[in-house]
Amino acid sequence: MLIVGTKLAIPSARSIAANFYHAARSVGGASFWINKEELMWSIKSLCDYVLIRDCDKVIPLDMFKLSN
């Protein structure tokens with residue numbers, strides 16, 4: 001699971017992320033979190049890997065441009 005560019009401050013978004021996390025872990029997956037700001041303490045248990053960086057620099061959108 002990849003969480004990018006959010007602090008998950010909204011409870012419903014945090015709940016969705018938790019559900020995805022548990023589903024990913026149940027099949028041997030991992031969770032990655034990329035954001036400019038530190039994690040909220042309650043979210044740390046959902047993340048196997050944390051990267052505190054500007055997400056646009058880590059994964060630039062232009063890398064996903066499709067060529068015709």
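**Exercise 1: The sheet**

Strands S1 and S2 (residues 32-35) pair in the parallel sense, over three bridges. Strands here are DSSP runs of E with at least two residues, helices are runs of H or I with at least four, and both are numbered from the N terminus; two strands pair if DSSP finds at least two bridges between them. The model is predicted: local features need pLDDT of at least 70, side-chain atom pairs count only at pLDDT 80 or more, and totals for chains, interfaces and linings use all residues. Residues are numbered from 1 along each chain as its sequence is written, and side-chain values use heavy atoms, with hydrogens and water left out.

Task: determine the order of the strands in the sheet and identify the edge strands.

Step 1. S2 also pairs with S3 in the parallel sense, over four bridges.

Step 2. The three strands therefore form an open parallel sheet in the order S1-S2-S3.

Step 3. The edges are S1 (2-4) and S3 (49-52), each of which pairs on one side only.

Step 4. At residue level, Val 4 stands opposite Ile 34 in S2, and the bridge partner of Ile 34 in S3 is Leu 51.

Step 5. S1, H1 and S2 make a right-handed β-α-β unit; right-handed means that, with the strands pointing away from the viewer, the path from the first strand over the helix to the second runs clockwise.

**Exercise 2: The aromatic pair**

Task: classify the pair formed by Phe 32 and Tyr 49.

Step 1. Rings of Phe, Tyr and Trp (its six-membered ring) pair if their centres lie within 6.5 Å; planes under 30 degrees apart count as stacked, over 60 as edge-to-face and the rest as tilted.

Step 2. The count comes to one aromatic pair. Phe 32 and Tyr 49 lie 4.9 Å centre to centre with 15 degrees between the planes, and the pair is stacked.

Step 3. The pair links S2 and S3, its residues being 17 apart in the chain.

**Exercise 3: The core**

Task: state how many residues make up the largest nonpolar core.

Step 1. Such a core is a set of buried Ala, Val, Leu, Ile, Met, Phe, Trp, Tyr and Cys residues joined through side-chain atoms within 4.5 Å; buried means under 20% relative accessible area (1.4 Å probe, protein chains only).

Step 2. The largest core has 10 residues, including Ile 3, Tyr 21 and Trp 33.

Step 3. Helix H1 (residues 11-26) contributes the largest share, three residues.

Technical notes: Buried means under 20% relative accessible area, exposed over 50%, partly exposed in between (1.4 Å probe, protein chains only).
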